[in-house]
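Hi everyone, thanks for coming. Have a look at the model on the screen, and I'll walk you through some parts of it.

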Protein chains: 2
Amino acid sequence: MPRPRTFDQTAVIDAAVGAFWQGGLGATSVDDVLHATGLARSSMYSSFGGKNDILQAAISRYVDRQIVELEQAFRGRSLHEALESIFLEIARHNSDGKGCLLINSVNELRGADVAVIQTVRAGFARMAKHMAELVKQVQPHRADSACVAAEIIGAIAGLRTLQKTGLPPALVREAARRFARNIAES
Amino acid sequence: MPRPRTFDQTAVIDAAVGAFWQGGLGATSVDDVLHATGLARSSMYSSFGGKNDILQAAISRYVDRQIVELEQAFRGRSLHEALESIFLEIARHNSDGKGCLLINSVNELRGADVAVIQTVRAGFARMAKHMAELVKQVQPHRADSACVAAEIIGAIAGLRTLQKTGLPPALVREAARRFARNIAES
DNA sequence: GGAGTTTTGTACCATCGAGTCCAAAATAGG
DNA sequence: CCTATTTTGGACTCGATGGTACAAAACTCC
């Protein structure tokens, strides 16, 4: 008897990812998300809850997608090739300025809702776990894959920040190349 | 004839640095800054201008102080020693969660005032220039000191982000050690 | 001590953001 | 076709925030 929902849940979350990715956690208002998703205020609040809830859904979904991309970057490549591919890809997009939603989020966590903080941290934990597995898979002899994974994530975060500093793109690109070489060779 | 200012300009800016550092660029309200500095609304607006103006003053002042600390960290040390000192110092403070004001700021720049963006970027340019000079001073044979400087700043930014991810502190510390070793040896 | 100028405290305004409420619309089953 | 149930749209509340206005206080110079 109930009137069915007229929108696609995952499509809405994907649109929300776009909105938060573009505008940032704090600066993106519920109205912005509403406009991006196309649904009405009431539908949003009745289907998801408050802003924090859709934010968490968006972050989780982003991490899912990101992990898929991560595994693709490692497929059939050496560690050095994979890292150089990932790092240079980051260094290339220097104009869009969106960066990585997860990294942007962790840098805007101060004073945020506890549940949101936990969602973001859980996202990083998942990323680190998958990264460590991929490292171990590509270089089975390593006993310190977890440390290398942390180092890689740190390098990615560093490059994404470097990207926003306005330093010459050539410098950022060279830093990316060095990070890839240093980590793979260490 | 004019009534003189009863507050110390630089002390006020230092207090503002503390407020923005603690609370973040966007989340810190003018009232927060007022409370931290102790002066009244009118004094703030008549002496500095709007929120963006005091924000810029705070960022510039923070960079000044940070550059002094940077030079201290390099004094009488090898590159590897200096980097390990800086990186491990960052990795140690994992509970305060304040990070670095400049890096926090660059991650909150989306949609910000153009003048603020320029101030932040100018801060990074100054940091990069000083870092390159220090590298060149410690390892005169290097021709690529600017690249190494960018790499170091990237590593610092990465570590500061890593710090906020909730990953195990031991992992962050190990990543710091690796960054120092990799960069110094490359 | 007085006058003129500047600071300072407070009240105020306009705007915007999150979240709520309620009536109208839409749909499945009888 | 009618009813029960749910979604949908929009109006609304309430608080916070950046910024302004203005009168009272404070200080220097004459």
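Let me begin with a question: leaving aside its neighbours within four places in sequence, which residues is A:Phe74 in contact with? They are A:Ala82, A:Leu134 and A:Val138, where contact means that two C-beta atoms, placed from the backbone, lie within 7 Å.

Before going on, a word on what you are looking at. This is a predicted model, in which local features need pLDDT of at least 70 and side-chain atom pairs count only at pLDDT 80 or more, while totals for chains, interfaces and linings use all residues. Residues are numbered from 1 along each chain as its sequence is written, and chains are lettered from A and ligands numbered from 1 in the order in which they are written.

Back to A:Phe74. You'll find A:Phe74 in helix α4 of chain A, residues 51–74; helices here are DSSP runs of H or I with at least four residues, strands are runs of E with at least two, and both are numbered from the N terminus. A:Phe74 is buried, because 21 other C-beta atoms lie within 10 Å. The cut-offs for that, again with C-beta atoms placed from the backbone: 20 or more other C-beta atoms within 10 Å of a residue's own is buried, 12 or fewer is exposed, and in between is partly exposed. A:Ser85 is eleven residues from A:Phe74 in sequence, and their C-alpha atoms are 9.0 Å apart.

Now step back to chain A as a whole. Chain A has nine helices and zero strands. Its C-alpha atoms fill a box of roughly 60 × 35 × 30 Å along the principal axes. Chain A has 186 residues, and 41% of them count as buried. Take the contacts in chain A with a separation of 6 or more: 66% of these are between residues 24 or more positions apart.

Let's move to chain B and its helix α4. With 24 residues, α4(B) spans 35 Å from first C-alpha to last, close to the expected 34 Å; the expected span is 1.5 Å times one less than the number of residues. Its buried residues are B:Ile54, B:Leu55, B:Gln56, B:Ala58, B:Ile59, B:Tyr62, B:Val63 and B:Phe74. Those residues pack against α1, α2, α3, α5, α6 and α7 of chain B. Just after the helix, B:Gly76 has a positive phi of about 70 degrees.

The axes of α4(B) and α7(B) come within 9 Å and cross at roughly 10 degrees; axes are lines fitted to C-alpha atoms, for helices over the stretch in contact, with angles from 0 to 180 degrees between N-to-C directions. The two helices are therefore roughly parallel, on a scale where under 35 degrees is roughly parallel, over 145 roughly antiparallel, 65 to 115 roughly perpendicular, and the rest oblique. Among the residues of α4(B) that meet α7(B) are B:Leu55, B:Ile59 and B:Phe74, and the α7(B) side includes B:Met127, B:Leu134 and B:Val138. By class, this contact has 13 nonpolar, seven polar and two charged residues. For the classes, Ala, Val, Leu, Ile, Met, Phe, Trp, Tyr, Cys and Pro are nonpolar, Asp, Glu, Lys and Arg are charged, and the others, Gly among them, are polar.

So how do the two chains meet? 40 residues of chain B are in contact with 40 of chain A. On the chain B side, α6, α7, α8 and α9 each give two or more residues, and α8(B) gives the most, with 13. That side divides into 20 nonpolar, 13 polar and seven charged residues.

A:Ala150 is buried, with 29 other C-beta atoms within 10 Å, and among the residues it touches are A:Ala128, B:Leu162 and B:Leu171.
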